[in-house]
Amino acid sequence: MRDQTFTDDFRTQFELLLRLRRDVRRFRTDAIDEAVLARCLDAFRLAPSVGLSEPWRVIRVESEAARAAALKNFRTANDHALAGYSGDKAQLYSSLKLSGMQEAPVQLAVFCDDSTEKGLGLGAGTMPEMRRYSVVSAITLFWLALRVEGLGLGWVSILDPDKMKRDLNVPETWRLI
């Protein structure tokens, strides 16, 4: 790749894009245009990955049963987390909107496939966590692509990852990211 120089205007717009990237908890409930979503999901294939392993596995959580299971998973984990606080901290925690899962028109579960043979283990042999870092990088690019389209993303981490894997019936070697 040849050296690329960017204009001051581009750098300003890029910084604005980074600043506008937010973890969203309140969503529009109208449907997302599938072409727009597909364009944003293409960001995954542009992401760097250790050894070109592309270990990300994106599952669309669509059925009512799957969405209900994911929401129940969040609520159970959230209740458990709340129990770890008391007094003012518990009151503050309980006032936070930590998930928009009920309202979000699209739900995705993103996993790392630790058993992928793609990339032949290059770079992951000595640092297997690099596959997970690659998935995080891909999610970040997806997040920015969504923002360019005027959409947002809420990343929910208050979940039981093993339960989520079982509920979505994914391979044991996948890790929820």
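A definition to begin with: rings of Phe, Tyr and Trp (its six-membered ring) pair if their centres lie within 6.5 Å, and planes under 30 degrees apart count as stacked, over 60 as edge-to-face and the rest as tilted. This is a predicted model, where local features need pLDDT of at least 70 and side-chain atom pairs count only at pLDDT 80 or more, while totals for chains, interfaces and linings use all residues. Residues are numbered from 1 along each chain as its sequence is written, and side-chain values use heavy atoms, with hydrogens and water left out.

**Exercise 1.** Find the aromatic cluster that holds F6.

*Solution.* Step one: the structure has seven aromatic pairs. Step two: take F6 and F10, whose ring centres are 4.5 Å apart with planes at 20 degrees, so this pair is stacked.

**Exercise 2.** Work out which residues of helix 7 are buried and where they lie.

*Solution.* Helices (H or I, at least four residues) and strands (E, at least two) are DSSP runs, numbered from the N terminus. Buried means under 20% relative accessible area, exposed over 50%, partly exposed in between (1.4 Å probe, protein chains only). Helix 7 spans residues 161-168, and its buried residues are M164, K165 and L168. Down the helix axis they fall within an arc of 100 degrees (taken from the directions from the axis to the C-beta atoms), so they line one face of helix 7. After helix 7 comes N169, with a positive phi near 55 degrees.
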